[in-house]
Amino acid sequence: MILLAFSRLIWLPIILWLTTAMSQTLPSNSSIDLVPIYQPQFDSLRHNPANFNPLLGGQNWTMCCALAVNESFIIENETLYIRPGQTFFTGTLAGLEAYPRFPCGATYNGSSLNAPRQQFWIDYPWCYNHCPGWPVTRANNLEKWLKPMLSFILPSLIFCLNIPRRRRLDLPARLFSDNSLDISTLLIFALKVPFAFLVVTVDIIIWTSVSLSIAGPMLTSGIYEALLDARVLAFLDSRIKENTLTVKEKAHTLLSILIGNLDGDAWHSSKLFVQDLPSHNVRKRPSHSGSAGTLVPTEAQDSIAAPDWPLKASLPTTPSDSASTVLPGRIFRTEYQRRKTRAVKSGLKSMLDSQVSYGSSVGAPVLFYIGSFIWSVYEVEEDLGSYLTAHQLACGMFWMTIPHLALVSCLLLAGNNPNIWQGAISESLLNDDNPFSTQLQNLALTDRDYGSSRIRGIIRRPTFNSIQATTSFNPPRPGIFDQFFTLAFKESKHQPAWMWNRGPNKAMWIYKLGEEYPYLQHMREEVLENRFSRDLWTSGLYGFVLYFVPTVFGIIVSYTTPQIGFGCRSIIMLTYVASQLCLQILWLLRYHFFHGKNRAINDSRHTTTKPTWISYLWYLLFLLSALLGALTSIGGTIFVLANVLTNCFCALPAKYWWDRWTNPQARIFVDDATYEQVYYAQKWWFPAGIVSVVFMIIVAYIGWWYQRSLRQRFRDLVERIDYLDELDLSDGNESLASSRPLHDA
């Protein structure tokens, strides 16, 4: 007995030590500390988590999470136990006790280290059966819809007003009557104000939708026009020093840069603007191959007869050519031509200065936008770990496409207001009795916007020759579309091209310059034909970068928001990029193959041609891509703000969509503000926002510098319209003397 008792005393400490060690290493299956936290949540559970029809947005996602937690635990005798056989909870009760909070609806507490791991998971069949539908964002939850709208979307929306357009939703003039406001009309006035506000709001929303839907072609066309402006200015700068261009040619070319965004109807009025300028040469012109050739006298082109006395007056010289002396009477034949040249120079500079500067139109607004965006990104860090905030931030980055589009449209030299040109040419139009101009003016007021409604290039307006040959002109009656969407500048006889047609429209003006002035065919070849493909595809590349960079940062934020991977939101933005790339390619292919150097952009593209299956296919693809762009941009934004994408399907990564019913790995975590969510938010939210802002700053600076450079070069060329370099003329004086009239000697 003594031996047996002694052996028991020896084994008793060993058994106690093993029991203590096992209690410290094996996870506990119960907890008393978590009961006060979990019991109130379990008591308020409903078997049906939806507040109303879940397919209409009545689902309660927090209640769904609580149901999954309830499937994981059971509370008995004031103790919380893990349910036997449950598959929802993958952690330990000790881990939950380390972070004493209810996992559903948890928020960020200021430290990424003080957050639990993702521990509650549900499979897709359970989610579909218990939590179908989606939870709509409530109107009183301003943090979820009004805050992101004011922080990211509305500032971008303002820039849409700077994007030029041809038509707008008509605002009835009767809303702004001249009747004095008194008590009897106060009620009517109270009704007019909200109606006018509604019309303007709908108009802005429509134009914003159009701008986002076809942002790719609009960016490409604007950049292509900017490249054409730079090419034309470079050509003029090189030829002015050679004295090979006439005053009329230089003036008309510079004028085309300023009004090249107007319809071809403005071509006739542009000829009136420069019709009395000197159009004779002062030296031999090189042949088509570039070598010196014989001079073809063009004095007969002058509309004003030369006087019988020489004009003794000094001509302007450039500041750098101090050694050059000016030959009197070399350019001007009459005093009227001198005054006309001065008037044209003043008119060109006035039209340039009357345009809103780049800094005033978009430069200063960009600074305010950037400051607001940075502050908004900094402020959302207080809500780290919220998947809704992450996707709203991604949506805000995506909307940076609109400011980039406004930056491109405002760096162009051609003004967006045709009334400036209308005022500059009004006197010439009064003195012109050509019925052809009247027909064109009527046509400009009643056209059906061939640049948009007939973009496929099948049914087009008649050529200028056919219009001129027509004995009577009956303008078509406006349709329903024209009644609701009137011309943006309906008081002007000339209308600007749509933004997506501005580049080709400017190319058409350059082509017509080559037709009007044979020597400017060199410019057409150098600017259009020789560089056509390269400039066109370069514009496409730059345009792609401008909408891809802000969108890709939004994709990164959505992609890295747990669960990591492509989901509904990131795929929507990726689809938008694909739609714009498709639109760009279609736009580029149209002008590359149908209006390339063998078929230069000219008025022949307005002639009626027989439809082909290729044109129908092109139009169908363009329309589908534009609709896809509208659905992913405007529709995607509405889905994010309304919380439509918070559902079982979109909670899964895309790689599990096909086998989500059978794949055991197709699982969805339901707890909030976890360590993974906070970690990736700190890693990507603020850096992605800052980089996207820095990119916009770089784009804005390049646009400002580019336009300032073009404006300065334009001014210098205007000053040198009537400039002559005697040193360059010294080799050809003898031949010129024999060809010039005696009274010009």
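In the predicted model, the charged end of Lys 340 is placed over the ring of Phe 273, at 5.9 Å from the ring centre.

Pairs formed between aromatic rings number 28. One of them joins Tyr 128 and Trp 661, whose ring centres are 5.1 Å apart; the planes stand at 75°, so the arrangement is edge-to-face. Tyr 128 belongs to helix α5 (residues 124-130), whereas Trp 661 is found in the loop between α25 (648-651) and β7 (667-669), so this pair ties together parts separated by 533 residues in sequence. Tyr 128 is partly exposed, with a relative accessibility of 42%, and Trp 661 is likewise partly exposed, at 44%.

The rings of Phe 544 and Phe 548 have a centre distance of 5.0 Å and an angle of 15° between their planes, so this pair is stacked. Both residues are located in helix α22 (residues 532-559), where a spacing of 4 residues corresponds to about one turn of the helix. Phe 544 is partly exposed at 21% relative accessibility, and Phe 548 is partly exposed at 29%.

An aromatic cluster is formed by Tyr 38, Phe 42, Phe 73, Phe 89, Phe 102 and Phe 120. Tyr 38 and Phe 73 are also, together with Val 69 and Trp 399, the residues with the most contacts inside the largest nonpolar core, which comprises 109 residues. The most to this core is given by helix α26 (residues 675-719), with 9 residues. Beyond its neighbours within four places in sequence, Val 69 contacts Tyr 38, Phe 42, Phe 102, Pro 103, Cys 104 and Phe 120. A second, separate core contains 56 residues, among them Ala 266, Trp 509, Tyr 519 and Leu 588.

Technical notes. Residues are numbered from 1 along each chain as its sequence is written. This is a predicted model: local features need pLDDT of at least 70, side-chain atom pairs count only at pLDDT 80 or more; totals for chains, interfaces and linings use all residues. Side-chain values use heavy atoms; hydrogens and water are left out. A nonpolar core is a set of buried Ala, Val, Leu, Ile, Met, Phe, Trp, Tyr and Cys residues joined through side-chain atoms within 4.5 Å. Buried means under 20% relative accessible area, exposed over 50%, partly exposed in between (1.4 Å probe, protein chains only). Helices (H or I, at least four residues) and strands (E, at least two) are DSSP runs, numbered from the N terminus. Contact means heavy atoms within 4.5 Å. Rings of Phe, Tyr and Trp (its six-membered ring) pair if their centres lie within 6.5 Å; planes under 30 degrees apart count as stacked, over 60 as edge-to-face and the rest as tilted. A charge sits over a ring if NZ of Lys or CZ of Arg is within 6 Å of the ring centre and within 35 degrees of the ring normal.
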